[in-house]
Every structure is written in structure tokens, then in C-alpha cells.
There are 2 protein chains.
Amino acid sequence: MATTASVYIATSLDGFIARENGAIDWLMDANASIPPGEDCGYADFMSTIDVLIMGRNTYEQVAQFDPWPYDGRRVVVLSSRALVFRRGAGIQLEASTESPRSLLTRLSAQGYKRAYVDGGQVIQSFLRERLIHDMTITTIPILLGSGRRLFDTLPREMKLRLASSKSFEFGFTQATYLACADA
Amino acid sequence: MATTASVYIATSLDGFIARENGAIDWLMDANASIPPGEDCGYADFMSTIDVLIMGRNTYEQVAQFDPWPYDGRRVVVLSSRALVFRRGAGIQLEASTESPRSLLTRLSAQGYKRAYVDGGQVIQSFLRERLIHDMTITTIPILLGSGRRLFDTLPREMKLRLASSKSFEFGFTQATYLACADA
């Protein structure tokens, strides 16, 4: 069984996942409106994930979180630069310069079932190689007006299938798309 | 009463409303999957519209439609270039070089209640002046990978309120957002 590559990410209505400088303060602000006990499906999603793949920018963002949010799960950081990793109990970090396809092949051989692919550039690189299986996208009701985009150019179009969608009373919408096999 | 400026538009999941060359074949293809009798709220929306504002690109697109889709409704085409308009019974076309604010002020004085603002560049120019009241955005389950964007840069962010959302069995999702008064 090949490792499934999955996306779970929030974006502004105008398609930005962070400000130009990488800041996600606007997302933190929006998250503050979420009532206690609601997590927009994050825990359910994470319960299916046995490995994470992210870029350096995303790693540097989450490295500041306390506690470490991926306790006990393997995290592969795709980076062409050397990285000094956070260390601690439950932190399983490694750097890789592999292509998305090579990395997924290796993880598949190691028995990993579902990878959480995170970060704009890494998601885009997986999409360019048509390696994303599903995407859950939560849209925050804001136009940021500038920033780092979730989607960028692709060599060719990709048809998707809407698997589910929902909206939340605090104004978020969420949709899960599956990549179509031959589109 | 000021004329309300409203958006009703379809976009690919990656935020494109047309291909680089303006083509909307992908949207026509997607629309072919809509069952008879379903119009994604378009007729209801149009029933509230007494004037349309669009850019030259959009006009040139719709000018090819037969019959003319805005029969009996005034259509203002914002263009800095001279235009040769289609003529015929029920066609009320005029060109304008006004700013969004000037145009809306004039339409308000003339008693127009709700303007349908259409076309990427025109929508963006209205957003930059914070003149959009509401946006109904239908998301088509496709990544186009390139094209003309619905949203571009804004001088500052704009908070929105999700007024309603729904999904369709053929894979479209639709959300209506209201601009927040002071955000």
C-alpha cells in the first residue's frame, strides 16, 4: 500500500495561508472565535496520520509551539538547507532533500499509511507531481489582500471530487476534495 | 439609499475565474454536470439586480452569448478604451470611465438598488475601494493551475461575515459573504 498524501490547511478567502512575512496572526485571531470543544475536525484528521511532511517555513512556525504538536509522530522536513532541530521527548524530526515521489516511495516501503503534507511550497510541489490524494481546506472569512498562497501554478489542471463540506457558525467553511484518478 | 454592489461569480478551487487567455471552457464543462432545473441561485440573485457593472473582458465574453443574457437591464461597462457595443432590442449598454465610487454614487442618485459587479478586474477595483457589500462565490472542484485570479492584492485586509453556504451534489460549493462594516 502506498502512503496516502493528505492536506489539511486553512486559507483566507483570497487564498493566502500566511502573510508575506509568514505570520499567521490573522488565523490565530480567527481561531479565537472557535467555541471550546470545536476543532474543525483536526483531531479526527490527525488520528489517521502516522507521518508528517512539511517545509522549512512550516517547521520553523510549529517549532515555536509549546508543547510540540506532533508528539510521538515522525516528522520529515523537506529542506535544501541544514536545519538545527528542536529536541525533546516525543520529538521525531528528520530533514530530507528527496523529491516528493522519492520520499513517498520510501515512506510506503516503511509501512506508513497516511502522510499529512503541510506548508504552501511543499503542498504545491506534491500537487505538481500529482501526489496529493485528498485536501481538507478550511476557508476563513477574511480577505488578507497579500501573502503566501496556498495554490500556485501547476503544469496542468487537476479535476477534483468534492467528498464533503460543512460550515461552522463562526463563519468558517470546510471542504474535502479527492484527486480524481485520471484528471 | 445607496446602490448595493454585489458579486456572484464562480472560481476554480485555486482561485481562477478564467484561463490566461480569458477562456471559461472549464467552467462550461463543469456547468454541463448541473442537473436540469438547478441554477445555483442565479435566477434568484438576478431577480434582485437592476443594474450590472462589468469590465471590458467580461463584456466581450458575454457579448457572444445568444440571447443577450441581460435583457432589459442596464449594463455599464467600465473601460478606458472605446467600445463598439452590440445592439438590439432589450440591450441597454453604456461605457464608463468612472471610478467605482463615482459610478455607484451616480447609480444611487438614479435610484438603482443593487448592482451586479462582474469580472475579476472590476471586482478587484471595487474591493480596493471597499465598495462590495456581498459576494456569492461558487467554487468549482478543479485546480486550473493558472489563469486570471478572482482576488488580487488589496491595500489592507477585509474581514467578512459568512451569511450562508451550501454544497451541491455535483461538487460545487457556494458561500455568500458580507463585508463587515468597519473591517
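Student: What share of the 183 residues in chain A is buried?

Tutor: This is a predicted model, where local features need pLDDT of at least 70, side-chain atom pairs count only at pLDDT 80 or more, and totals for chains, interfaces and linings use all residues. Residues are numbered from 1 along each chain as its sequence is written, while chains are lettered from A and ligands numbered from 1 in the order in which they are written. A residue is buried if 20 or more other C-beta atoms, placed from the backbone, lie within 10 Å of its own, exposed if 12 or fewer, and partly exposed in between. In chain A the buried share is 37%.

Student: How many residues of chain B are in contact with chain A?

Tutor: Two residues are in contact if their C-beta atoms, placed from the backbone, lie within 7 Å. On the side of chain A, 28 residues take part, and the number from chain B is 28.

Student: Which strand supplies the largest share of the side of chain B that touches chain A?

Tutor: Strands are DSSP runs of E with at least two residues, numbered from the N terminus. Strands E8 (142–143), E10 (158–167) and E11 (173–179) of chain B each give at least two residues to that side. The largest share, seven residues, comes from E10(B).

Definitions and conventions
Helices (H or I, at least four residues) and strands (E, at least two) are DSSP runs, numbered from the N terminus.
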